[in-house]
Each structure stands twice: as C-alpha cells, then as structure tokens.
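Keep the 3D view open as you read.

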Amino acid sequence: MSTGILGPKRADIDAKTMRQDRWWLPPLTTFLVFTAFVIYATWRAFAGEHYYASPYLSPFYSPCLSDSCVEGSSDFGQPFSWWQLSPALLILIFPLGFRMTCYYYRKAYYRAFWLSPPACAVAEPHKGYSGENRLPLILQNIHRYFWYAAVVVGGILTFDTVLAFRDEDGDWGHMGLGTVILLINIALIWLYTLSCHSCRHVVGGRLRHFSKHPIRYWLWTQVSKLNQKHAQYAWLSLFSVAIADFYIYLLSTGQFDDPRFF
Amino acid sequence: MGYKLSLRIWRGDHFRGELGDYVVDVEEGEVVLDAIHRLQATQAGDLAVRWNCKAGKCGSCSAEINGRPRLMCMTRLADFEESETITVTPMRAFPVIRDLVTDVSYNYEKARQLPSFAPTPRDADGKRRMMQVDVERGQEFRKCIECFLCQDTCHVVRDHDDNKKAFAGPRFFLRYAELDMHPLDTNDRRKLAQDAAGLGMCNITKCCTEVCPEGIKITDNAIIPMKERVVDRKYDPVTWLGSKIFTRGDRGSREEVRPREEA
Amino acid sequence: MTGSHVVTDENANSQAPMAGRHPMTGNRMTDEVTADGHGFEEHHYDVVVIGAGGAGLRAAIAAHDAGARVAIVCKSLLGKAHTVMAEGGIAAAMGNVYADDNWRVHYRDTMRGGKMLNNWRMAQLHAQEAPERVLELEEWGALFDRTDDGLISQRDFGGHRFARLAHVGDRTGLEMIRTLQQRAVELGIDVFMECTVTQIFKDGERVSGAFAYWRESGRFIVFHSPSVVLATGGIGKSYQVTSNSWEYTGDGHALALHTGASLINMEFVQFHPTGMVWPPSVKGILVTESVRGDGGVLRNAEGKRFMFDYIPEFFKSETADTEEEADRWYDDKTNNRRPPELLPRDEVARAINSETKAGRGSPHGGVFLDIASRRSAELIRRRLPSMYHQFKELADVDITAEPMEVGPTCHYVMGGVEVDPDTAVSIVPGLYAAGEVAGGMHGSNRLGGNSLSDLLVFGRRAGLNAAYSATRFGVEPPRVSDTQVREAAAHALAPFSVGGGENPYTIQRDLQDIMQRLVGIIRTADELSESLGQIEELKRRAEGLTVEGHRQYNPGWHLALDLVNMLTVSECIAKAALERQESRGGHTRDDFAATDDFWGQRNLVLTQGAAGRVELNHQPLPVMPDELKSLFEAK
C-alpha cells in the first residue's frame, strides 16, 4: 500500500493498527452468524417443503403465491401459477432486499465481510475504494422502496400471526407454542421495520420545520427512539425469523408436537 | 497515590520516527495529557504536542492512544492498569509534522469549500424567529469541537489518500446536515453533498460516531438523514416529482448551490 | 478584493501571498526543511489582527467589510482560541424575555458591577451595540436557544438585573467562535495559524508591521501593515490555578507595552468563584455561572447557604436576605430580590475564600455547589450538558445526583491596553486593541456574559477603525527597516544561544507559584513587595534560559519566548496592586479592606520607560456625562 496509514508523510509506524483490544471479535462474530443464517436460509428457501404446519406458515414462505404451495398455505391466492421453483424465491427478495440495503446491515457486512474497515482505526486491505457511488452499491439508495415493501410484508406476517390463533380445523381460540413464536417474531419484525432510518426520514425526518407539523414531529420522535435500537432489532428479528421457520420445519416433519396452551 | 507510568510515545517528523519509551511520575486523577506535560517539563522539553483548554472543549489534543483516536485531555489514567504501558501516537490519517502534531489542513480546506449559510430576510422588527424544536437537530451538530478524530478514523481517507480530494468527511457532513435542516437557510446543498463532498463514499461503518468525544450521533443523525435527503433529490423519482408539483412544500424555495471556487 | 480605495503595496498584490504554504492553514506544503529555517517570509496587509478568538475574528471581519486586506495571526489552530471556553452566554439587552430591559439597565448593571471604575463611554457603547452584534451572529448561522415565541432566549446571570444572556446550552463561546470562524472563512480572510507574533514594528511613532514565527517550522515572517489589532486575550497562565489555556501569556499586553502603548487597571484580576478543585489535574477548570443562574446554590461543609452572610452594603437593596425570597426569585423577578449566589463574581469569590479559610470548606479545599437537590436531572442535563459531561468525565461526579466541589480560579484580567472608547486605538497610532487585552470597559470587575459581548462590540470597532486608518496611507505606508527585522530575529533566537541552563518550564512554574501566593485574591503590601522582588529575580534567571532541540515545533522554545511576556505582565499587575491602597472589585487588599472614593476617581496607568522599566502613573477617571449619571441617582 502506497497510500493510507503506511504512505509517505504519515507517522512512520509499521503496524496496521496499534489497537491492543480484541477488535477482531465483533466482525468475526458477525461474519459467522450471518454466514450461518445465509446457509440456513438458502437451504430452507430452495427446499420448497416443510414450511406449513397448520395453522402456522413459515415467514420464509409468506405469502405463498404459486401452484406448488401446499394446501391451506395460500391465503392470498396463487396468482403465480406458472412458477416452477420454490415459492419462497418469489417473495424473499423483499425482506432480503430490505435487509441488504438496511443502514445497519450495511455497516455490519461492510465491516465483517468486506473488511472495509474491519474495525475502527484498523487499516483495510483494499487498494482502492469508491464507496456507494457506483453500481451495484449505488442501489443502496433505494432502501426506502424496500421499506415500503417491508411494511406490506409486515402486514402479511401480522395476518399470518392472527391466523395462528385458529386451530388445525380453522376454529378460533387456539394458542400453541407456535402462536407465541410467531407473535414474538412479528413484534420484532415490526420493531425492526419501524425503527428503520428511511422510515424515520419519511415520517418526519425530511422536514425542516417540525414546529409546523406537530403530528409528524411526534411520529419522528417515536421512531427516533426506536431507531437508536435498530441494530438490536436487526439481530433479534433475524434470529426470530429463523427460529419461527425452524420451529415450523420441526412440526411439519413431525419431529416435534406443538404444545397447546388452549 | 502516585505511581510511575510507562509511556511509549511516537517521536519523529515526516521523514522518520519511532516509538520512544519513557517513565514518568503521575498522580491520582490525572489524564494522559498531564503525563505528557510532565514528560515535557522534566525529560523532553521539545516534545511537540498540541493542546489548549485541557477540558475537552477545544479539540486540540487529538491523538491515538493504544491505537484508538482519543482526546488526550479526556483520557483518564484510571482507565488503564497501573502496570500497563500506554502508547500514544499522532493521528495517522494526516501527514505528521512533528511528534504528536499532525498537519490537519485537509479539514480547513474542506471547510472552505462548503457554501455558507444564506438566511431569509429578517422579520419586520429586525429579529428572526425560529422554534426550539426546529433548531435542536442543528444544535447537536454544532456541539462539534473540531477535534477531527472522526476525520482521522474514517477509513475513506485514512486508508486512501486519493479520496481526500473528493471527500469532505464526517465533520463536514455534519455541517451539510446542519444547514439542510436549518429552518431559515435558502440554499439547497443536497446535490453538492453527494457530488462534490462525496457523501456517497461513506459506507456508514460508524467509526466517526464511535470516536466522537462530544457524543454526537454523526452517522444516525447527520449522515444517514443527509443520505436520505440526497435520495429525495437524486434517486427517488416519486419524491422528486412531488417536489416539482408541490413547490411550496416544507423545504420552501431553496436554491441549488454550486461548489465554492477554489481560492 | 472590494474597496479599491485601500491602496497597498502593488508588489504584494501581484505575488502569491503564501507561496509554498497551504493557503488556509499556512502550513508548509513542500518537503524541504532546514533546521535553521532560513530566510524570512514577507507579507503585506492593510490590517494584521493578532489573535483569532471572538474579538480577533470579529475585528478581521469588520476590517474586511471596510475593504481592507486582512490577515489573522494566531498561536493555535483556527477555532481553538480561548473563547470556546466561555460557557454562559452573551449579555445583550434585547428584551426578548423581559421587555423592560434596555441598554440603560444593562449599562447601569455593568458600571455597578465594575464598581464605577469602568470607562463610561465603553460601557455605554457596549450596552447599546451588543443586541445588534448578537443578531448578526444569527445572520451568520449561530443557533441560539429559543424562547417560546421563537426569539433568542436569554438567561439569568450574576449582576444582571434581567435575564439577558443569549446562549446555547452552556457552550455559547463555542457557538460564537464557530460562527465567526465560518464567516471569516467564507470571506476568504487569510489566516496564519500556529504563528506567534514576537514584536510590533514602528516607523517613527506609527505602527508599520509585526514580526512572527511559524510554530511549526520556526521560520520567521515579517508583516508589513500600517494597522495592527491586538486581540490576544488575557494573562491567566501566570497563575497556578486558572481557567485559562497555555495561550494566555499576556502577549498582547506585553507587545503593547513594548511598542509604547499604555496599560490601565492591571491590578484588577478576576477570580471566577467556581472552578473545579478536584482532581488536581483539572484544578481551575471553569464551572459556569449558569449553574447558579439556573438554580444552583453554594453551601459550606455545614450545609449552610453561606452567601447570605456576605451581602455587601452596596448590593443590599437588590439582594434577597432569606432563602425563601431567593428561591421565589427564579419564577417571579418583579416581586423578589436576587439570590446572593448571583452577586458579582468578585463578591462570591471572596466569600468562598473566607469560608475555606475559616475551615468550613469541602474535603478538597473548596465549597459545595449544589444543583442536584434543587433541579430535576432532566433539566440539569438539558441546560448544562457540558458541565454534566465535564464532571462525569474528569471527576467522576454526577452533578444531577451530588454537589460539585468548587473554588476560585483565575479567570480574566480587567486591565489591558488603554484605548480610545470609540475607535479602540491605543496611544500608539495604528495599534488597536479589543477584547480581554483591552482595558477600561469592565472597570474593577467584569460581569459574567459581558465578555462575549465586549469581544463583538469592540472587535468590530477595532477592525473598522484599523481599516479606515490604513486607508490614510497612499503609496507611502510606514516602513519596516532591515535593522528592525534583524534585531527581532536575533531576539527571538536568543534562547538557543544563551547557555544559562535554566529550564523555561521551571521558571514558569515558579512564576505561577509567586503570583498565586502573593498576588492572588487577597493581597497585602508586604506580599506584593515581596512578589516584585521575586519577579525581578525570575527575570534575571530568564536571561539564562536554555532551550534544547531545534526550531521546528519546539514547545520549549515557544515557552521561553512567551515567558518574557508573562514576566512583564506579572510585574505590571503586582506594581499596580501595590499602588492601589483600597479594595475594589477584582483587587482586594487585606491591609486596605474598604473601598475608597479617592481611588475611585483614578486609573493606574503603566508604560514602559526609557530604560525598559515599567513606570506607573495616576490618571483621573473620565467624567460621566450628567444624563448617564442620572441613571444611578434614580434608584
């Protein structure tokens, strides 16, 4: 590297960082967890089976829109009847896109996967750097459209959760461990979705005069509070989605019986 | 209560330099800058270091302590083990002048390129009116003491000298955000922030926020909102169209500015 | 450049003013360095402003607006000047909070705060012009805290009858310097950062330029300029416990004296009543008066609000004498009198001093400043964010939960260069002074908040008049001679060649010790005489200063040069303090405890005599016109 901290004119120090703490631990953790999730999600999304255990539908497969959807899983019809692959692949682009372009996830994967930089005041290994100025990274700017989609997805998953209060026969008044898992999941999904930076901008952040828009100011204030924990919600909802899906997989494959509360 | 502190301090200029080992007496309640001063007064009269207020208000004594960008006057010795050797180096993103002093002119250059505040005319009674809630976001950014630790830690320039030309850095994204959120400003600097100031280079890895001694939420409150404002202007066709149709929106009539001429 | 009527050296206009240097910072851009920093840089300007704090920046902006070619020369980086330490606010009778407030009330407060020793005309101009100067800052981007109507909010402070201080939380100085800095940068004013002026040149009786060195390289600069504005701040670094930074070595005071100007009121040094006392490394750091303005009270070790025992006759009629009345005042200022904690600073500092001497102090030798038990944690964090931060980070004290320990700290020198009130010119043609380095405005004691407004009002006046004055020279501006330059260079390099073995840091420490012990808050003739002898001894030792290393960024050398100024100024203070046989404002004599009308009619003026010795003279106080006098009789 001829430029950067080892370049001429900078203080003559050979080390790429003088940090003595375990700065590599957070990016390594992120790397391992995200990689595990991606492997798991890829397997589950391509599998095309064991995503429905009445009355529970896996969030990976909701809404289920193609012909191949198992009976009872399509609450919004099957408009994409011609689709041959796993029905998850039709809709996963939306939550995936939302998370890929999320300001928090960007920070996390730029650090953990691209090492740009691996940690603060630790030199990155790349010679050149152009940020989010060119394709494909310039597409990060459409995050807000994914947020709009994420609100719709959130609505659908909420609907699924409501349906989880029915039993296998479609009668209301049921609650099993699956219902609880879906409830927790949808709560975290909404916390994550509503704490989004784009959401914060849209509800009021773009204003210049809060004083003239008291309701939007109030909304912005609430979203701002959530926004401070956006990273936590990003992690928690990632786990909850995977857990919800895996739980339904266990039910669907018959390896586990859904404990019922009523 | 006092003890002997081991210090490793980088001494040199921009041709050469090395870490030098020192042992200096320190007292309870002292900060790293106190140790450096005692060293200067007793062992190394020519040790170059910048400082002014010694109370975390002027942002002069920026350096890297055990590899982390910090203010020396706000780093307490009590945060370290008494037996621990504390390493102090100059900020590594800027050319070094001597010892712990670096050439931070990059930052002053960037300040100069920024089109300044251009307010609407005063009210009839000669005063201006702004509501507290409307100035609060800007006030957070104006807490900035210009220690340039955010600029120092930002990998965009720390690791890539060639980016310095086209990248204003977190400190000045604060300024862009402050002005764009100002209730009385008449300039529109959004396009400029993206094109000339290099807002798009920022990959929001948040190191600037981590090192800010004033605790300004640089990334969440300034850079990301500014990125969203740039999206309004450049990448979101719906919002852009809306602003063309409803011209009397909350932004008022702002004029898009061009970069300031290089002097 | 606007203002074609300003004629300058044609040659200077055509050459790049700072070739080989960074245009903004003045930092060197070429790789070439030589240990002896050969040669001189020469620059031609209409106005050279020394100092980049509030006064210097405001002066430079004004001079620029008047059409002059301006340079700012400052010892630190731009934006780091001591003005950033000002916390409370800018006093200006804008009437945003209390409509009854106007310049006459402000004027009266200022004069009474200064125990009537202020230059009446300066105090008048100050009170009249401050509001417009504040609005100007807003024009340039300052974001002050607001009232409910959206106007600039104003807060209570010691000695001010009405809530009058425009502020931004407790970091008003930072806001002010950043605003002025950004304005100066926008106007394209040349700034010579980390550059120290060691001498001002004269051509006959008139200022002709200045001599300076780059701290970075040690290289010398000759400024050719018919006007020089001193805006160098104060002298606090001569004291051990001070809120001032290393820059406050009295450079401007000493430069003025050496150039033939006069200093007045040097005996008046303000000790801010509330500085931090613990831990030792932060001793002296300021605790803003806003803590008391927002409801904080002072208590001794017995828990008593002792300020009620220290209300002087002069302020009895306007100060509450019960805790109940004092507490009501925060909400109802019309029917209640002010709490005694908000007496002028000199009174409070003396009171704290007496309490600690009587053995009623806090564990670390101060008293308790308590706001935690009186205001909600949320309010404290909102109104005093940097105080909260400062105590949390530096002393591990949570001011929302426990009281602070505070004690007096050297804060401000009321004395300074004697100037014409309207134009800010000293008795040397072409030499101007504004801000803390100028004297007269604050009399014997400055009110909190009046400093920032002083910087703006007189900074602007100094800048304008310096620019106008420069226009009076056509193609024949005053000249700097080669001999002068050579002598200045030799003088600056002397510490490298003298071999006396004295360490500048040691002499500085000894001086601080002498000033703190013998010329502190409470003074006596014996101690002052002793201090003069000891300063004389230090001056002798300082002739044998030895500096190690070379000229490139060498703090030891820089201190050696600053030390001469500190010694000069300290001598002035001690001399004037010994002469004034009374107690008044920032000058308290144990042997002359009363205020004396005889001394109330005169200023002490210091000049440098033929043999380089400091000479002291009495001078009658300018007489206030009758219409202003009536403001004091009415009450």
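This is a predicted model: local features need pLDDT of at least 70, side-chain atom pairs count only at pLDDT 80 or more; totals for chains, interfaces and linings use all residues.

Across the interface of chain C and chain B, 46 residue pairs are in polar contact, counting pairs with both residues at pLDDT 80 or more. Which helices of chain C each supply at least two residues of the side that touches chain B? They are helix H4 (120-139), helix H5 (172-187), helix H11 (385-395) and helix H16 (555-579). Sort that side of chain C by class and you get 27 nonpolar, 21 polar and 24 charged residues.

Charges pair up here too: there are seven salt bridges between chain C and chain B. To see a salt bridge up close, find C:Glu132 and B:Arg122, whose side chains meet at 3.2 Å, N to O.

Now for the extent of this interface. The size of an interface is often given as the accessible area lost when the parts come together. For chain C and chain B, the buried area is about 5900 Å², and carbon and sulfur atoms give 51% of it. On the chain C side, look for C:Lys80, C:Leu143 and C:Tyr553: they supply 12% of the area that chain C buries against chain B, more than any other three residues. Counting contacts instead, 72 residues of chain C touch 65 residues of chain B.

Chain B also meets chain A. Here 56 residues of chain A are in contact with 68 residues of chain B. The area buried between chain A and chain B comes to about 5300 Å², with 48% from carbon and sulfur atoms. Which residues of chain A lose the most area to chain B? Those are A:Arg10, A:Tyr129 and A:Arg208, and together they make up 17% of what that side buries.

How many salt bridges turn up across the interface of chain A and chain B? The rule finds eight. B:Asp232 and A:Arg206 show what that looks like, with their side chains meeting in a salt bridge at 3.1 Å, N to O. There are also 47 residue pairs in polar contact between chain A and chain B, both residues at pLDDT 80 or more. On the chain A side, the elements giving two or more residues are helix H4 (103-112), helix H5 (143-163), helix H7 (197-205) and helix H8 (214-227). By class, this side of chain A has 21 nonpolar, 19 polar and 16 charged residues.

Next, stay with chain B and look inside it. Five of its strands form an open sheet with mixed pairing, in the order S2-S1-S5-S3-S4. At the edges sit strand S2 (17-26) and strand S4 (68-71) of chain B, each pairing on one side only. On average, neighbouring strands of this sheet are turned by 35 degrees against each other, direction ignored. Zoom in on strand S3 (residues 62-65) and strand S5 (residues 86-89) of chain B: they pair in the antiparallel sense over two bridges. There, B:Glu64 stands opposite B:Thr89 in S5(B). Helix H1 (residues 32-42) of chain B packs on the sheet, touching strand S1 (3-12), S2, S3 and S5 of chain B. The direction of H1 makes about 95 degrees with that of S2(B).

Finally, hop back to chain C for a hairpin. Strand S21 (residues 602-608) and strand S22 (residues 614-620) of chain C pair in the antiparallel sense over seven bridges. C:Gln608 has C:Val614 in S22(C) as its bridge partner. Five residues lie between S21(C) and S22(C), and in that turn C:Gly612 has a positive phi of about 85 degrees.

Note on methods:
Residues are numbered from 1 along each chain as its sequence is written. Chains are lettered from A and ligands numbered from 1 in the order in which they are written. Side-chain values use heavy atoms; hydrogens and water are left out. Contact means heavy atoms within 4.5 Å. Buried area is the accessible area (1.4 Å probe) that two parts lose on being put together, summed over both. A salt bridge is a side-chain nitrogen of Lys or Arg within 4 Å of a carboxyl oxygen of Asp or Glu. A polar contact is a pair of N or O atoms within 3.5 Å; within protein, one must be able to donate a hydrogen and the other to accept it, and residues adjacent in sequence count only if both atoms are side-chain atoms. Helices (H or I, at least four residues) and strands (E, at least two) are DSSP runs, numbered from the N terminus. Ala, Val, Leu, Ile, Met, Phe, Trp, Tyr, Cys and Pro count as nonpolar, Asp, Glu, Lys and Arg as charged, and the others, Gly among them, as polar. Two strands pair if DSSP finds at least two bridges between them. Axes are lines fitted to C-alpha atoms, for helices over the stretch in contact, and angles run from 0 to 180 degrees between N-to-C directions.
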